[in-house]
Amino acid sequence: SRNKRREICRSDIDRLNAPFLAIYESLIPAEEEKAKQKQLLTSLEKLVNKEWPDAQLYLYGSCANSFGFSNSDIDVCLSIDDTDITKSEILLKLADILQSDNLQNVQALPRARVPIVKLMDPVTGISCDICINNVLAVVNTKLLRDYAQIDSRLRQLAFIVKHWAKSRGVNETYQGTLSSYAYVLMCIHFLQQRKPAILPCLQEMEVTYAVTIDDTECAYFDKVDALCDFGAQNKERISQLIWAFFDYWAYRHDYASSVISVRTGSVISKQAKDWTRRIGNDRHLICIEDPFETSHDLGRVVDKHSIKILRGEFERAANIMQYDPDPCFKLFERY
Ligand code: GTP
Ligand code: MG
């Protein structure tokens, strides 16, 4: 029956588009929230610059990639050149500096996978994680933000997918499901694959932006203003794209041999990347290539237990989109 599935019909698309857009609108952060984030960043920068005058703070993650919901925590990266002290010494020093100010719950986590200092600002009510010299994350944040500028359907789709993943409990990397970053890459890849394409492949175009971080070259076309009509030939609306996204991950993706790759704008083979077997903790049960760190599979956190949960959720979502009379309710039902 997998091959006999009908396309979602025209009247369903028309009926579902407005409710999905309303959900999307309800998740977008208000402008004053952005202002509060900037205000917090500026006051943190002042504190940090007393100790390290040349250090800089950057926002990254969902507060800067345009895929952030309202009231989410912010991710900050401290960029610092000091080579005399180690990363964990910087982290502890940073926690000290912040502790002595008016900030709450300051906590250094030097042994985490990404070492951070956590804190809460009582003035704005915003919680924040600060990492050290994680420049790649700042650059992949820019890539995501640039893709979002090209076609508004990316932001709509990614918000709905993230909202679904959070509601269904499959946005928990420590439980073996996927990060928000991975879900956004899945959405970008998906829109690159539509016929006609809704998104281009920026890394295959003329290079207008390039940085090298450690040994990783990050280069792509970032003059996205020039691409604002790119997806205009494709008239698909958000309800149709949500249906097709879940249909793809439930029934069309070849989990056994395919890797999705935003970098190339296509699907590549596990064979070509030597991701065919388990190496250490990397099982490669669902393969999502990082656009810059190409040896990095964002599906590496998924194990043989959680892949079943994840694929079960994709199938559930696809079936709801196909058959349920009120998918907007059912799709986001708490698990
Ligand atoms: P929410 O907090 O869930 O709204 O989403 P988020 O966009 O902040 O995502 P997440 O917390 O998963 O990650 C924060 C940022 O860290 C991402 O936007 C990326 O820039 C970066 N990041 C997360 N995971 C990885 C990873 O495995 N590799 C790399 N290179 N960067 C990552
Ligand atoms: Mg985050």
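Reply: Eighteen residues is the count to start from: of the 18 residues around ligand 1, N140, K162, K166, S180 and E293 come nearest. A residue counts as near a molecule or strand if one of its heavy atoms lies within 4 Å of it.

The model is predicted, so local features need pLDDT of at least 70 and side-chain atom pairs pLDDT 80 or more, while totals for chains, interfaces and linings use all residues. Residues are numbered from 1 along each chain as its sequence is written, chains are lettered from A and ligands numbered from 1 in the order written, and side-chain values use heavy atoms, with hydrogens and water left out.

Now the polar contacts. A polar contact is a pair of N or O atoms within 3.5 Å; within protein, one must be able to donate a hydrogen and the other to accept it, and residues adjacent in sequence count only if both atoms are side-chain atoms. An oxygen atom of ligand 1 sits 2.8 Å from a side-chain N or O atom of K166. For N65, an oxygen atom of the ligand is 3.4 Å from an N or O atom in the side chain.

N65 leads on to T141. Leaving aside neighbours within four places in sequence, T141 is in contact (heavy atoms within 4.5 Å) with Y60, G61, A64 and N65. T141 belongs to helix 4, residues 135-150. Helices (H or I, at least four residues) and strands (E, at least two) are DSSP runs, numbered from the N terminus. The T141 side chain reaches the backbone oxygen of A137 at 2.7 Å. T141 counts as buried because its relative accessibility is 3%. Buried means under 20% relative accessible area, exposed over 50%, and partly exposed in between (1.4 Å probe, protein chains only).

For contrast, take D81. D81 lies in the loop between strand 2 and helix 3. D81 is exposed, with a relative accessible area of 72%. D81 and R155 are 74 residues apart in sequence, and 35 Å apart in space, C-alpha to C-alpha.
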